[in-house]
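Visitor: I'd like a quick tour of this model. Can we start with a loop and work inwards?

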Amino acid sequence: QEYNAMEYLVYKSRALVAPGSTACRDIVALSQLSNAYLGLTGFLHAEEGLFIQYLEGAPEQLWALYEHISLDLRHTDVVLLGQGELKKPRFEGWSMGYSESNVLSFADFLEEVSFCKPVEDASSAEAIIFLMAARARIDLGICDAPNASWH
């Protein structure tokens, strides 16, 4: 399959809403709708005090959304971990995937793969691999997606 120009970005931020809270649920639900409309795909992970999000799609829509996300008052200390061009999507079919620490903990993941690196020092590659691992655990049925229990 041939894809148009695509880019990705991955960021982390200090979450000011609790995972699974109504505010967090609203973020996921609205993201799923707006990303589908904009032709973007991605994955959001929420832990206590932490968001990690990966987004991919057409550059114009991607960076407009990132600017909007940067101004969102439900988190602070937004740090762009990485960005780049893509030949094909990593999260095709996921307008917005979502996980919490019950699926996989980012701190535990970093401890295992990076010899106890603190979350604050996570790299772009570590964040992307982590999100892909969380998605795989959901896809394989190892863990239920947290939003499956919200209905």
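**From a loop to the core**

Guide: Ala 58 is found in the loop between β3 and α2. Helices (H or I, at least four residues) and strands (E, at least two) are DSSP runs, numbered from the N terminus. This is a predicted model: local features need pLDDT of at least 70, side-chain atom pairs count only at pLDDT 80 or more, and totals for chains, interfaces and linings use all residues. Residues are numbered from 1 along each chain as its sequence is written, and side-chain values use heavy atoms, with hydrogens and water left out.

Visitor: Is Ala 58 buried, exposed or partly exposed?

Guide: Ala 58 is partly exposed, at a relative accessible area of 31%. Buried means under 20% relative accessible area, exposed over 50%, partly exposed in between (1.4 Å probe, protein chains only).

Visitor: What does Ala 58 touch?

Guide: Ala 5 and Leu 40, not counting residues up to four places away in sequence. Contact means heavy atoms within 4.5 Å. Ala 23 is 35 residues from Ala 58 in sequence and 27 Å from it in space, C-alpha to C-alpha.

Visitor: On to the inside. How many residues are in the largest nonpolar core?

Guide: 26 residues. Such a core is a set of buried Ala, Val, Leu, Ile, Met, Phe, Trp, Tyr and Cys residues joined through side-chain atoms within 4.5 Å. Val 10, Phe 43, Ile 52, Tyr 54, Phe 106, Phe 130 and Leu 131 have the most contacts inside it. Two or more residues each come from β1 (6-15), β3 (50-57), β4 (75-86), α3 (106-113) and α4 (124-139). The largest share, six residues, is from α4.

Visitor: Which residues of α3 are buried?

Guide: Phe 106, Phe 109 and Leu 110. They cover an arc of only 95° around the axis, so they sit on the same side of α3. The arc is that of the directions from the helix axis to the C-beta atoms. The buried residues of α3 pack against β2 (41-47), β3 and α4.

Visitor: Now β2. What joins the side chains of Thr 41 and Glu 56?

Guide: A polar contact of 2.6 Å. That is a pair of N or O atoms within 3.5 Å; within protein, one must be able to donate a hydrogen and the other to accept it, and residues adjacent in sequence count only if both atoms are side-chain atoms. Thr 41 is in strand β2 and is buried, with a relative accessible area of 14%.
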